Amino acid sequence: MLKVDDIHVYYGQIHAIKGVSFEVHEGEIVALIGANGAGKSTILKTVSGLLRPKSGSISFLGENIHHTEAYKLVNRGLAHVPEGRRIFLQMTVRENLDMGAFTRKDDSEKDIDDVFRRFPRLKEREKQIAGTLSGGEQQMLAMGRAMMSKPKLLMLDEPSMGLAPILVEQIFDIVREFHAMGTTILLVEQNAGKALAVADRAYVLEQGRITLSGTGEELASSDAVKKAYLGG
Amino acid sequence: MMDFLSTLISGLSLGSIYALIALGYTMVYGIAKMLNFAHGDVIMVGAFAVITSVSMLGLSPVLSILISIVCCVVLGVSIERIAYKPLRKSPPLAVLITAIGVSYFLQSLALLIFGSTQHSFPKIINMPAIELGELTIRGNMLITLVITTAIMAGMSIFINKSKTGKAMRAVSEDRDAAELMGISVNRTITITFAIGSALAAVAGLFYGTTYGFIGPYTGSMPGIKAFVAAVFGGIGSMPGAMLGGILLGVIENLSKRYISTELSDAIVFAVLIIVLMVKPTGLLGKKINEKV
Ligand SMILES: Nc1ncnc2c1ncn2[C@@H]1O[C@H](COP(=O)(O)OP(=O)(O)O)[C@@H](O)[C@H]1O
Ligand SMILES: [Mg+2]
């Protein structure tokens, strides 16, 4: 479904991604784990078209997309929940969901109801400005908003960041639910334990390079991963 | 009392023209994140388009107004494409200097085509004055007030309710996030310039009607005042631009009438400075309420 082949990404002179290749197959949950600054967010931004690779290629559903503008990829089935949620804080909860459905020509009312059924807290706050939501509610809004475009591939950048443990559980439950609905998922996490538990396959990223890959279980039991990311 | 009322009404009328211009300023600032200092000169171009269509080509007023709007929209969108878009990722200072350059360019172009003399603006708004007891309201002021109020109401509905309006707010708040929703930031910026320039054309029409004469530099003063109005109301805020513009017009007219004609501009700027000292974000400027 998604094939990233030897991409190099720069911020000016800074060489952030140094030849990364990986694949996501339809129906999988793939995790990308790594320390802060490893380049996880940069990879997601490059896939979704916010950044351009200097070399290498990215194909999505069989088509090269590394020259495609970000906004055109939404229609093709790619959704990206960026790090820090990036919901529209000055717009209402409902308007945020409407923006998620921006590219859709059909009626999105039913899907908005679905999001509200899944997240009753958002329903209660439908007309409230999103900036007034708590961190957990904002993350749920960001995920609900991304689902409004009915993506085939959903990319989540550290959805559990800064949330209380009980909310982290909830977020991972939602990831499983979205997956059960047929959405393929690329999950970026610093919370390696949780991410490896839910992932079919995973890649470990260090300083812009992939250093390890395998099934979630394999990596969770690998000594190198245990030492570096799972606290011994 | 009647004198005060009529000064107030002409202030409202002038202020509503400033408000139209300020709306364009503030929308472009909010969405494209730049101060388009050439905005005032678009008004001058619009006014000259009316003069050319009516006085030189003998076209009907309605057709002339339409031509003026089309000219301004094409001009505004072209300025963005040619001058500003290539600088989308440049430092703000480079964009600001470019905008000032575009402003001088338009003024020089008008100077070349129309010369330095003032051209009289055709009387295309023919509406008799209205008498309310002792109070006389000039027809063009009434039309200005009614139409600008309708435009401002329409703009509020558009920005709050329409899909494009919401997309504009989304782009204004977070460009990358908007792009990830499938919104084309470039297209949204183009639309913003188109709308701002159309408003400038209408403002040019009313400005020409109010003052009667247009020259190559006519746009710069209302441009600056509208910029002040936008900052006064809270730059980036549309209701702020409307309020700021109207207050500015009223303060200007009242100080002209009751204090001093020469000092009226100084008074306007003094009020701005005081407001900004008390509330640095302007009257309706938003405090960024970020929650992590
Ligand atoms: N906008 C930027 N400008 C310059 N360098 C950046 C920028 N964003 C990220 N970087 C650098 O790129 C590297 C990868 O960052 P990032 O992708 O955010 O890592 P992660 O998401 O894994 O924490 C880091 O060294 C970071 O400092
Ligand atoms: Mg990151």
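1. A residue is called buried here when its relative accessible area is under 20%, and exposed when that area is over 50%, with partly exposed in between. By that cut-off Glu252(B), with a relative accessible area of 1%, is buried. The model is a predicted one, and the points below should be read accordingly.

2. Glu252(B) has a charged partner. Its side chain meets that of Lys256(B) in a salt bridge, at 3.0 Å from N to O. Both residues belong to helix α10 of chain B (residues 238-258), where they are 4 residues apart, about one turn of the helix.

3. Ser264(B) is located in helix α11 of chain B, which covers residues 264-278. Its relative accessibility is 1%, so Ser264(B) counts as buried. For a sense of distance, the C-alpha atoms of Ser264(B) and Gln118(B) are 23 Å apart in space, and the two residues are 146 apart in sequence.

4. The contact between the chains comes next. On chain A, 27 residues are in contact with chain B, and on chain B 24 residues take part. The size of an interface is often given as the accessible area lost when the parts come together. For chain A and chain B the buried area is about 2400 Å², and carbon and sulfur atoms give 58% of it.

5. How many residue pairs are in polar contact between chain A and chain B? The count is 6 residue pairs, with both residues at pLDDT 80 or more. On the chain A side, at least two residues each come from α2 (70-75), α3 (93-100) and α6 (135-147). Of the elements of chain A, α3(A) gives the most to this side, namely 4 residues. Sorted by class, the side of chain A that touches chain B has 12 nonpolar, 8 polar and 7 charged residues.

6. Salt bridges between chain A and chain B number 3, and over all chains the structure holds 26. Asp174(B) lies in the loop between α6 (163-173) and α7 (175-180) of chain B, and Arg86(A) in the loop between β6 (78-81) and α3 of chain A. Asp174(B) is buried, with a relative accessible area of 12%, while Arg86(A), at 31% relative accessibility, counts as partly exposed.

7. Another salt bridge is formed by Lys166(B) and Asp98(A), with 3.2 Å between the closest N and O atoms. Lys166(B) and Asp98(A) are also members of a network of salt bridges that links them with Arg94(A), Glu109(A), Lys123(A) and Glu126(A). Within chain A, Arg94(A) forms a salt bridge with Glu109(A), again with the closest N and O atoms 3.2 Å apart. That pair links distant parts of the chain, since Arg94(A) sits in helix α3 and Glu109(A) in helix α4 (residues 109-118), 15 residues apart. Glu109(A) is partly exposed, at a relative accessible area of 33%.

8. Which number of disulfides does the structure hold over all chains? The count is 0. Cys71(B) is in no disulfide, and the nearest cysteine sulfur, that of Cys72(B), is 6.7 Å away. A disulfide needs the two sulfur atoms within 2.5 Å, so the 6.7 Å between the sulfur of Cys72(B) and that of Cys71(B), its closest, is too far for a bond. As for accessibility, Cys71(B) counts as partly exposed at 34%, but Cys72(B) counts as buried at 0%.

9. A last point concerns Ser13(B), placed in helix α1 of chain B (residues 2-32). Is Ser13(B) buried or exposed? With a relative accessibility of 2%, Ser13(B) counts as buried. Leaving out residues up to four places away in sequence, Ser13(B) touches Met141(B), Thr144(B) and Leu145(B).

Methods:
Residues numbered from 1 in each chain as written. Chains lettered and ligands numbered in written order. Predicted model: local features only at pLDDT ≥ 70, side-chain atom pairs only at ≥ 80, totals over all residues. Heavy atoms only, no water. Buried < 20%, exposed > 50% of the residue type's maximum accessible area, 1.4 Å probe, protein only. Contact = heavy atoms within 4.5 Å. Buried area = accessible area lost by both parts, 1.4 Å probe. Salt bridge = Lys/Arg side-chain N within 4 Å of Asp/Glu carboxyl O. Polar contact = N/O pair within 3.5 Å; in protein donor to acceptor, adjacent residues only side chain to side chain. Nonpolar A, V, L, I, M, F, W, Y, C, P; charged D, E, K, R; others polar.
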